[in-house]
Amino acid sequence: MYRDGARKSIWQDEIKKFSTEPDLSRLFDVVIVGGGITGVSTALKLQESGKQCIILEAANIGYGTTGGTTAHLNDFFDTTFTQVIRDFGLENAKLYAESGKDAIDIIENNIDTYKIICDFTRKAAYLFALDDQQEEQLKSIAEGAAKVGHEMIYVNDIPFPIPFKEAVRIPGQGHFHPIKYIKGLCKIFINLGGEIQENCRCEDYDEQEGYVILKTSKGEIKAKNVVYATHIPPGINLLHFTNAPYRSYAMAFTLKDDQYPWELGYDLCDPYHYFRIQEYDGENLLIAGGEDHKTGHSDDTGEHFSKLENYVRKHFKVETVYYSWSSQYYEPVDGLPYIGKLPGSKGKTFVATGFRGNGMIFGTLSSQILHDLILTGKSKYKDLFNPSRIKPIAGFSDFVKEASGVEVRWNSAELSWDCPCHGSRFNVNGKILGGPATKDLQKVFPYQKKG
Ligand SMILES: Cc1cc2nc3c(=O)[nH]c(=O)nc-3n(C[C@H](O)[C@H](O)[C@H](O)COP(=O)(O)OP(=O)(O)OC[C@H]3O[C@@H](n4cnc5c(N)ncnc54)[C@H](O)[C@@H]3O)c2cc1C
């Protein structure tokens, strides 16, 4: 399996080509663009309900951030309940808390129903404060959680060899192998009659009276509805201005003393560090992540691996570093994901983005929300996660056109050119790795030969 970066993640050995050689000239009920956890989960849910679906994927299943994630399954989030109570009110914060539980239930239900072997394990999570400032932060997080009825229990010990001031234990969390999981979903989707077309990039859409025409690298494809499960929608959209791209770093280590922490762990540093373990070829590996920064805003991306490794070596007895990789996520301007009708579309085109570091959950939840919106027009999460909840100001479309030509920055760790504004990425030769851009970089020849 390929990924949108030069480094190999721990998940990538689960190689499988999934294209089903579909007839692309037929009218599909729903085209789902993007073969990450969001696209695959949504496609399966719709196919289960009798819709004839196809997944169109620019590269291969798992190519995007789902192939570079760390796959913790949490029902508490990067945007805390305290922040949501402050900005959206208590009732909305309670609904937000429900969304995490709903998503983990969907994952567990898929695994049970379809007998998917994907190393799913229930775990407790520990949030720990390392200094006075983090202690205050933790207090605020725990107070918000109590208000929405989410269990966080103060504890005196944590299963991590990291000195801490204060910590809470959060039961009922989990982790899994993300690619084994979506591979399982893909197989069921195909068994139910779903189609998958890999190496097919979607460039634009046009909503007509009864259907949508998608312009793709394999020609025009027609569907009654379209879902952009591309992590960020292609082209130019309001959502590119309400989401900021970030890079996050992950490494997998063996430990000399075999003292692998069984549970999930998170400090409250800025940027924070997170931990889990994964069994690989009969051996445990400690996966640590963190050292995030805004895409295209680091002079030396390799340095973030050094910082992460130093942090881990300070606290754990590291034997060998087996994997190191980085990947991209999107920060929504008001902290909540955008799941629903694509802003600017006429109602047949949907989107799911702005997941922060909780995309296993919100990608999965999107499958239920988009399924419900397409089938019934209703969802209990429709308003809370409405992608159009932030209104564009007058003159916005001119501003968008102006801002869409931006200089890219070199990412030495993943050997890519990264756009600091909207997160498009290109390989060393300017070939597109990830959107919202839909075309390769133009070659510029500064010294043209005369004559
Ligand atoms: C290092 C890191 C660690 C993380 N850890 C966690 C975690 O522990 N728990 C958690 O919940 N979340 C985590 N996240 C977030 C989570 O991994 C992502 O939010 C999630 O994987 C996004 O899934 P997706 O399916 O929406 O997007 P992706 O997995 O990026 O899939 C999008 C797909 O769309 C395809 N595509 C894009 N444009 C087009 C186009 N124009 N035409 C056709 N196809 C296209 C891409 O090739 C890609 O395969 C982490 C993120 C990072 C960066």
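**Burial, contacts and cores**

Tutor: In helix α1, the buried residues are I37, T38, G39, V40, S41, T42, A43, L44, K45, L46 and Q47. The model is predicted, so local features need pLDDT of at least 70 and side-chain atom pairs count only at pLDDT 80 or more, while totals for chains, interfaces and linings use all residues. Residues are numbered from 1 along each chain as its sequence is written, and side-chain values use heavy atoms, with hydrogens and water left out.

Student: Why is A244 called buried?

Tutor: Buried means under 20% relative accessible area, exposed over 50%, and partly exposed in between, with a 1.4 Å probe and protein chains only. A244 has a relative accessible area of 19%, so the residue is classed as buried.

Student: What makes α1 largely enclosed by the rest of the structure?

Tutor: Of its 12 residues, 11 are buried, so α1 is largely enclosed.

Student: Which residues does A244 touch?

Tutor: Contact means heavy atoms within 4.5 Å. Not counting residues up to four places away in sequence, A244 touches K294, Y329, Y330 and E331.

Student: Which residues touch the most other members of the largest nonpolar core?

Tutor: A nonpolar core is a set of buried Ala, Val, Leu, Ile, Met, Phe, Trp, Tyr and Cys residues joined through side-chain atoms within 4.5 Å. Among the 78 residues of the largest one, these are I32, Y96, L127, F176, Y181 and F385. A second, separate core of 24 residues includes F128, F253, I277 and Y311.

Terms used: Helices (H or I, at least four residues) and strands (E, at least two) are DSSP runs, numbered from the N terminus.
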